[in-house]
Amino acid sequence: MRCSFPLVRLPSAPPLPLISGGKGRGQSGGLGTAPLMPATVAVVGGGISGLAACYHLVRAPRPPKVVLLEASGRFGGWLQSTRSPEGAVFEHGPRGVRPAGPAGAQTLHMVSELGLAGDILAVPREHPAARNRFLYLGGALHPLPSGLRGLLRAVPPFSRALLWNALRDLLTPAGTGPDESAHGFAQRRFGPEVAELAVDSLCRGVFAGDSRALSVRSCFPALFQAERQRGSVLLGLALPHGGGGAGPEAGLARRARAERWSQWSLRDGMESLARALVAFVSPRGAELRCHSPLTHLCHRRGRWQLTVPGATLTADHVVSALPASALARALPAEAEPLARELRAIPAASVAVVNLQYEGATLPVTGFGHLVPSSEDPALLGIVYDSVAFPEHDGTPATPGGTSLRLTVMLGGAWFQQSFGDPALVAPELLLSRARAAVSDHLGLAGTPRNAIVRVQQDCIPQYTLGHWERLERIQRFLKEQQLPLSLIGASYSGVSVNDCIASARAAVGKILGSPPEP
Ligand SMILES: Cc1cc2nc3c(=O)[nH]c(=O)nc-3n(C[C@H](O)[C@H](O)[C@H](O)COP(=O)(O)OP(=O)(O)OC[C@H]3O[C@@H](n4cnc5c(N)ncnc54)[C@H](O)[C@@H]3O)c2cc1C
Ligand SMILES: C=CC1=C(C)c2cc3[nH]c(cc4nc(cc5[nH]c(cc1n2)c(C)c5CCC(=O)O)C(CCC(=O)O)=C4C)c(C)c3C=C
């Protein structure tokens with residue numbers, strides 16, 4: 001079966017007008033082009049991005065027919081939460097969402113409309129989980145410097161007061177290259193210590209990635225833009241910049257600002273956001289199909305044909321919320337230029353080990369600690385879950401006792417070299433590495449009451465050097481071929497839950513011809 005990806009256009013299917021992603025729409029994110037108001041939209045991939053796309057589609061004044069295809073037996077993708085018989089909640093994916101910025105506010109609006117406002121667990125900015133983060137270096141925990149003291153005095157593991165790094169940033173001319181590694185950028189602007197300790201750890205704690213391979217332009221666009229626009233990262237971040245405040249803040253977002261939330265979770269865990277989205281979109285006409293992996297996608301005579309085992313569906317518009325490599329596998333040979341770009345967006349695997357200890361006390365209090373790659377490449381860090389969200393601790397084994405939850409994360413960009421093939425690694429090995437880290441770093445040597453090991457394969461996309469050019473080539477291909485295909489999700493323009501939801505909203509805005517209601 002041949003598809004119409006090449007520039008051949010069949011006479012019966014004249015090109016439909018394009019809605020460009022550019023001028024006047026005030027939206028970004030979501031790669032792709034769209035005809036006006038398609039009758040049927042197929043959303044592929046039932047993670048948070050695909051579910052959020054369905055949510056915005058069914059809320060349209062005249063919604064199209066919406067079909068969601070998900071390969072696995074459940075919806076939510078990396079939003080995975082387990083509740084133990086004692087009522088403890090363990091997160092195997094995201095555990096906190098930031099309320100800040102337009103994307104944070106839009107997520108909160110959605111949460112509110114889903115009826116989840118009463119389930120929010122918020123961490124205020126004054127809380128130790130918001131204020132304290134640590135680095136584990138040289139066999140000891142070091143608080144990351146904050147406030148005036150950190151600025152004016154050398155705080156180990158840093159050998160100089162951060163003021164010197166700040167001065168360096170103010171005096172260093174802006175870079176001129178189109179992209180740079182996060183490490184190279186930090187080294188040039190702030191010096192080697194900030195690059196090797198702080199930025200190395202930051203990349204491990206958001207992308208589970210290697211700062212020497214990750215692109216500053218794509219991973220930290222605010223830092224890159226700040227330098228280009230103001231000549232200094234610190235000045236750029238401090239001075240007001242256009243485009244920040246999109247729309248009036250209301251409801252939960254206003255509450256989040258008033259109560260100074262730094263991040264939030266949900267009483268039943270982050271997976272309950274996916275469950276609420278399913279419960280919202282299903283009665284509004286969206287057809288959700290799990291156990292339906294897309295195996296082939298092709299565009300013939302102006303319509304999409306989607307093949308899943310045992311069936312073929314047709315649609316006017318496809319929203320791909322798949323990881324880039326999964327979409328590449330479904331494309332026909334004629335779309336090789338697109339598939340090649342998609343395959344060049346890799347993803348890292350992370351072992352997530354949830355542990356719960358009875359009667360244990362942490363030596364420090366905070367969100368958790370990160371481990372620089374120079375200290376131990378295999379061990380990304382440990383999150384002290386009970387500090388931020390004690391409501392998830394469940395009932396302790398003994399009345400009046402405590403039940404401490406921790407999550408150890410291992411592997412990332414160093415998975416293969418540390419543990420071999422993620423599909424073959426023994427969970428016992430990961431568990432013993434995690435327990436050893438908890439013992440060495442935090443002095444907790446007991447036997448955990450609960451231990452869950454999940455190997456999350458290819459779970460976090462890596463925006464490597466030149467990622468922005470890849471996105472431009474993808475966009476150009478879709479435009480030249482006039483394909484009614486939108487690409488959303490973590491593979492492209494932001495990995496956070498907020499970014500994923502924002503990419504879905506922006507893509508639906510383009511499909512419908514106007515931004516969705518808040
Ligand atoms: C361990 C971990 C911790 C994280 N922590 C945070 C955090 O604290 N805060 C935060 O904001 N973000 C965090 N993130 C990032 C965020 O959770 C993810 O980037 C986001 O959930 C990705 O959502 P998605 O829908 O784009 O992709 P996915 O969740 O990957 O969804 C894609 C879906 O497509 C399906 N699929 C794959 N192939 C096919 C096919 N052929 N046909 C049909 N369906 C298919 C998959 O089964 C999956 O359900 C974390 C991620 C991980 C892994
Ligand atoms: C798979 C990727 C991630 C790993 C591994 C990870 C580990 C990890 N993270 C922290 C501390 C924080 N993480 C925060 C947010 C956050 N974390 C990830 C992914 C991984 N974390 C994402 C995608 C995000 C969202 C980022 C965003 O832009 O919103 C935060 C809160 C954000 C902040 O204020 O910086 C913290 C804190 C530790 C200690 C850790 C150790 C294993």
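Q: How many bridges join β15 to β18, which run antiparallel?
A: In this predicted model, local features need pLDDT of at least 70, side-chain atom pairs count only at pLDDT 80 or more, and totals for chains, interfaces and linings use all residues. Residues are numbered from 1 along each chain as its sequence is written, while chains are lettered from A and ligands numbered from 1 in the order in which they are written. Strands (E, at least two residues) and helices (H or I, at least four) are DSSP runs numbered from the N terminus, and two strands pair if DSSP finds at least two bridges between them. One bridge partner pair here is L355 with L406 in β18, and the number of bridges joining β15 to β18 is 10.

Q: Which strands stand at the edges of the open sheet of 7 strands?
A: This open sheet has mixed pairing and the order β8-β7-β16-β17-β18-β15-β19. Its neighbouring strands are turned by 25° against each other on average, direction ignored, where axes are lines fitted to C-alpha atoms, for helices over the stretch in contact, and angles run from 0 to 180 degrees between N-to-C directions. Each edge strand has a single partner strand, so one side of each is left without a neighbour in the sheet, and these strands are β8 (140-143) and β19.

Q: Which element gives the largest share of the shell around ligand 2?
A: Among the 21 residues around ligand 2, those that come nearest are G205, G368, G381, M409 and S496, a residue being near if its C-beta atom, placed from the backbone, lies within 6 Å of the molecule or strand. Two or more residues of this shell come from each of α7 (192-206), β16 (368-370), β17 (379-383) and β18 (403-412). The largest share, 4 residues, is that of β17.

Q: How many nonpolar, polar and charged residues does the shell around ligand 1 have?
A: There are 37 residues around ligand 1, and G45, G47, G77, P94 and G489 come nearest. Elements that each supply at least two residues of this shell include α1 (48-58), α13 (324-330) and α19 (497-512). Ala, Val, Leu, Ile, Met, Phe, Trp, Tyr, Cys and Pro count as nonpolar, Asp, Glu, Lys and Arg as charged, and the others, Gly among them, as polar. By these classes the shell has 23 nonpolar, 12 polar and 2 charged residues.

Q: Is L487 buried or exposed?
A: The place of L487 is in strand β20 (residues 485-487), and L487 lies 6.4 Å from A321 in space, C-alpha to C-alpha, although the two are 166 residues apart in sequence. With 27 other C-beta atoms within 10 Å, L487 is buried.

Methods:
Buried ≥ 20, exposed ≤ 12 C-beta atoms within 10 Å, placed from the backbone.
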